[in-house]
Amino acid sequence: MQTTGEIQAKLVYYGAAESGKTANVQCIHRKLKRDHRGELRVEGVPPTAYEMLPVQLGQIRGFTTSIHVYAAPGSPEAAELRRKIVADADGVVFVADLRPDRYAATLESLKELQSNLRAHGRSLREILLVIQYNHRDEADENAVERLHRSIKLKPAASFEAVATDGTGVLPCLTTISKLILADLRKRADEEAAAHDEPEPASEPRATEKPAPAVPAPTRIEMQALTSLDDQKNFSVQSAGPAKAMGNEIELPIRLVHQRTGDEVELSIRFSIG
Ligand SMILES: Nc1nc2c(ncn2[C@@H]2O[C@H](COP(=O)(O)OP(=O)(O)OP(=O)(O)O)[C@@H](O)[C@H]2O)c(=O)[nH]1
Ligand SMILES: [Mg+2]
């Protein structure tokens, strides 16, 4: 297994036109510190324009890890583009629009997502999926329950949101990112295990170096997602044990979100001397 290299995961915000996918990605761009995200790119022109934002998440098994966050375009003209964008997604946030006059469009978009995944031999059951009930400020208090019943899905999690003012945006991103990272870590473990299996007997080539040991325990650094202004809602669940690394001390901290119960693991590094 290499100690350098990159892992890029793909997260797609999918949903009906005007459901708030772009507003989500713009909000993430606004809220993350510069060194935790790249530039917000707008690709194409309306009605098929879409946005992409790289978010840096630190290291997994020595790999620099980032998630490319896409806001899929919702217009009818962009149907083929949506299909392509979601084909190889590692995770999806389905943005359900709570405004009553957008129910039908939301359910239609979910059906389309299902069929787009199926076209690539995938399914809504197998994909890492979180639902975001957006436009919360423009619907009555029963809207979530009503739409939720029609959606008939059991996502890993769901969130209420107002993407324009940031409500619910980062908890949603944090949750789906954690799911994606856990999945990547599992895959990295499987890859490492396959790598560790004894090779059939052959002479090692002179240029080959032994594979470096996998550092344990692996810590997924979540600084990007916890350095946000939502962090006031987190309380510390556990901390430590501290680990000395050269002239640095690393302290792992587990936070729990008071409202959603989401857990986030991050690490703080202190330099000595
Ligand atoms: N009041 C309110 N407005 C929102 C919310 N989310 C998005 N909007 C607004 O709704 C409009 C559409 O939002 P976008 O983020 O562009 O929607 P989209 O899903 O990217 O739309 P397409 O790219 O056309 O599919 C914009 O004017 C946003 O400012 C919300 O939660 N509340
Ligand atoms: Mg958009």
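Visitor: What makes strand β2 and strand β3 a pair?
Guide: Two strands pair if DSSP finds at least two bridges between them. In this predicted model, β2 (residues 41-43) and β3 (residues 50-60) are joined by 3 bridges in the antiparallel sense, so they meet that definition. One of the bridges links E43 to Y50 in β3. The two strands form a hairpin with 6 residues between them, and G44 in the turn has a positive phi of about 75°.

Visitor: How do you know that β3 and strand β4 pair?
Guide: DSSP gives 9 antiparallel bridges between β3 and β4 (residues 63-71), against the at least two that the definition asks for. Q56 stands opposite S66 in β4. This hairpin has 2 residues between the strands, and R61 takes a positive phi near 50°.

Visitor: What share of the protein is called buried?
Guide: Buried residues make up 35% of the 273 residues; a buried residue has 20 or more other C-beta atoms, placed from the backbone, within 10 Å of its own.

Visitor: How are residues and chains labelled, and which confidence limits apply?
Guide: Residues are numbered from 1 along each chain as its sequence is written, while chains are lettered from A and ligands numbered from 1 in written order. Local features of this predicted model need pLDDT of at least 70, side-chain atom pairs count only at pLDDT 80 or more, and totals for chains, interfaces and linings use all residues.

Key:
Helices (H or I, at least four residues) and strands (E, at least two) are DSSP runs, numbered from the N terminus. A residue is buried if 20 or more other C-beta atoms lie within 10 Å of its own, exposed if 12 or fewer, and partly exposed in between; C-beta atoms are placed from the backbone.
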